[in-house]
Amino acid sequence: MNLSELPEEVLTEIFDFLPPKSILNLTITCKRFNAVISSSQLLLRKFWVTFDYFNDNYDYFKGRKYSNVSIKSENYEKILPLIESIKDSITHINADMYDLSVPLKMLLMCPNLKNIEIYDCYSEESVGLENLELPKWNLDTFHTKSNAQLPKMLLKVLQQSTIKKLPML
């Protein structure tokens, strides 16, 4: 029996001992390893998916279920469909961009968020979000270093959500 013939659960346990770079290398080793890693929340929690100004090849992320997402780009036309496709698996979002009005839609699309970090953003009230169903999060942490006021819609969601640890002011 070779390694690729082992059950998915066994491969996941073995791969969990590896550093993230080695796990990424395994995704290009064979289709089976890629499928095991891409479907494992245990392994994908080790990675941060960063949508930034320097990376516009977002097609790579399609179909993968990442839980940690960092948004540092304002290329919303490409990012929104990808966030939509992985929204149920996202548990941690870090938003660091100039305008928070569009990323607000990304936040509100993710029903299973546990941690939110917002840095260096300004916000205007978002237009077109009035019909969006507002989630009720059960957050472990909410943290902001933004000097701007948060959008009223986000404040409304935070008021109806449970937050275990509030930011220190």
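Trainee: Buried means under 20% relative accessible area, exposed over 50%, and partly exposed in between (1.4 Å probe, protein chains only). So which residues of α1 are buried?

Mentor: L11, T12 and F15 are the buried residues of α1. They span an arc of only 100 degrees around the axis, which puts them on the same side of α1. The arc is taken from the directions that run from the helix axis to the C-beta atoms.

Trainee: Before we go on, what kind of model is this?

Mentor: A predicted one: local features need pLDDT of at least 70, side-chain atom pairs count only at pLDDT 80 or more, and totals for chains, interfaces and linings use all residues. Residues are numbered from 1 along each chain as its sequence is written, and side-chain values use heavy atoms, with hydrogens and water left out.

Trainee: How many helices and strands does the protein chain have?

Mentor: Seven helices and six strands. Both are DSSP runs numbered from the N terminus: helices are H or I with at least four residues, strands are E with at least two. From the N terminus on, the order is α-α-α-α-β-β-α-β-α-β-β-α-β.

Trainee: And how much of the chain is buried?

Mentor: Buried residues make up 43% of the 169 residues. The chain exposes about 9800 Å², and carbon and sulfur atoms supply 54% of that. Those areas come from the Shrake-Rupley method with a 1.4 Å probe; for residues, only the protein chains shown count as cover.

Trainee: Back to α1. What do its buried residues pack against?

Mentor: They pack against α2, α3 and α4. Contact here means heavy atoms within 4.5 Å.

Trainee: How do α1 and α3 cross?

Mentor: Helix α1 covers residues 8-15 and helix α3 covers residues 31-38. Their axes come within 10 Å and cross at roughly 80 degrees. Axes are lines fitted to C-alpha atoms, for helices over the stretch in contact, and angles run from 0 to 180 degrees between N-to-C directions. So α1 and α3 are roughly perpendicular to each other. The cut-offs: under 35 degrees is roughly parallel, over 145 roughly antiparallel, 65 to 115 roughly perpendicular, and the rest oblique.

Trainee: Which residues meet there?

Mentor: E8, L11, T12 and F15 in α1 meet R32, F33, V36 and I37 in α3. By class, that contact has five nonpolar, one polar and two charged residues. Nonpolar means Ala, Val, Leu, Ile, Met, Phe, Trp, Tyr, Cys and Pro; charged means Asp, Glu, Lys and Arg; the others, Gly among them, are polar.

Trainee: What about E9, buried or exposed?

Mentor: Exposed, at 59% relative accessibility. E9 lies in helix α1.

Trainee: How about α2 with α3, what angle do they make?

Mentor: Roughly 130 degrees, with the axes of α2 (residues 20-27) and α3 coming within 7 Å. That makes α2 oblique to α3. I23, L26 and T27 of α2 make the contact with F33, N34 and I37 of α3. Those residues divide into four nonpolar, two polar and no charged.

Trainee: Which residues of α3 are buried?

Mentor: F33, V36, I37 and S38. The buried residues of α3 pack against α1, α2 and α4 (41-44).

Trainee: New topic. Which residues are buried in α7?

Mentor: M153, L154, V157 and L158, in a helix that covers residues 152-160. They cover an arc of only 140 degrees around the axis, which puts them on the same side of α7. K152 and Q159 are exposed on the other side.

Trainee: Now a strand. Where does D96 lie?

Mentor: In strand β3, residues 92-96. D96 is partly exposed, with a relative accessible area of 27%. The C-alpha atoms of D96 and I71 are 6.2 Å apart, although the two are 25 residues apart along the chain.

Trainee: Last one. Where is P111 found?

Mentor: In the loop between α6 (101-109) and β4 (115-119). At 36% relative accessibility, P111 counts as partly exposed.

Trainee: Which residues does P111 touch?

Mentor: K87, D88, P135 and W137, leaving out residues up to four places away in sequence.
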